[in-house]
Amino acid sequence: MKSIVKFFLNHVPRPMLQRVAEGIVPVVGWFYYGHEVKCPLCGHTFRKFLPYGYVLPRENALCPHCLSLERHRLLWLYLERETDLFKEYPRLLHIAPEVCIMRHLKPHFKGHPGRYITADLESPLADLHFDVQQIPLADASVDAVMCNHLLEHVADDRKALGELYRVMKPGGWGIILSPVDLDYEQTYEDDTITDPAERTRIFGQYDHRRIYGRDYADRLRSAGFEVADIDYASSLGKEAVRRYALPPDHIYMVYKH
């Protein structure tokens, strides 16, 4: 199974992969029936989740029903338990929308047109298509922003952060997540490395441009945001981490005052 997942991730274009996966993966899920792990997004249980990863597939990662990954489940639990997102209707800009989360947000905002905006560079599932380094929205035009696991792909992440800060209203909030390697004190990037295989070896994926380190929160602050660095998985306890197969990632909340 690991080799099959790795092949599809590395050889099927992302837009096509998103559509194909929704049909194929749930069928594979029948072979994972059980009650050891539970996806908090779709509520389904399995004996374990599917493996997932471009280079070294991670065990117990992908929900066979809704396609959530570890980070999606952690983010969902935080959104559901620690924010008022599902009680209110802020004008939310969701960049590179996670399908498993977008599937819940669209019905929530259905009676409030124009309040939920999805955007991506190329995904056919998004409402708008643009480069996050140049967002075609007015200053202070959104109440909240979600932009997760995108900045590591962007040529100028500081410019992208500046754009996210610009379009957010004063008093607004956001969640901006990226892969962070706490073994690195400082973010590492080297644009002179152009060979895809070498970039994969160093950065984990051929299309990653940097490895964020322990300075990630300061990088967000440099755009003007106030930042809360939250070790949320630890606060949920070991049983929740096991049951939902959560990662040790932190939640990075940003605020504009």
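In this predicted model, Glu70 has a relative accessibility of 10% and therefore counts as buried. Its salt-bridge partner is Arg58, with the closest N and O atoms 2.7 Å apart. Arg58 is partly exposed, at a relative accessible area of 34%. Because Arg58 belongs to strand β4 (residues 58-62) and Glu70 to helix α3, the pair ties together parts that are twelve residues apart in sequence.

Spanning residues 70-82, α3 reaches 18 Å from its first C-alpha to its last, close to the 18 Å expected for its 13 residues. Glu70 is one of its buried residues, a list that also includes His72, Leu75 and Trp76.

Salt bridges come to 14 by count. One of them joins Glu189 and Arg219, whose closest N and O atoms are 2.8 Å apart. Glu189 lies in strand β10 (residues 188-189) and Arg219 in helix α7 (residues 216-221), so this pair ties together parts that are 30 residues apart in sequence. Glu189 is partly exposed at 34% relative accessibility, whereas Arg219, at 7%, is buried. Both take part in a network of salt bridges that also links Asp157 and Arg210.

Terms used:
Residues numbered from 1 in each chain as written. Predicted model: local features only at pLDDT ≥ 70, side-chain atom pairs only at ≥ 80, totals over all residues. Heavy atoms only, no water. Helix = DSSP H or I, 4+ residues; strand = E, 2+ residues; numbered from the N terminus. Expected span 1.5 Å × (residues − 1). Buried < 20%, exposed > 50% of the residue type's maximum accessible area, 1.4 Å probe, protein only. Salt bridge = Lys/Arg side-chain N within 4 Å of Asp/Glu carboxyl O.
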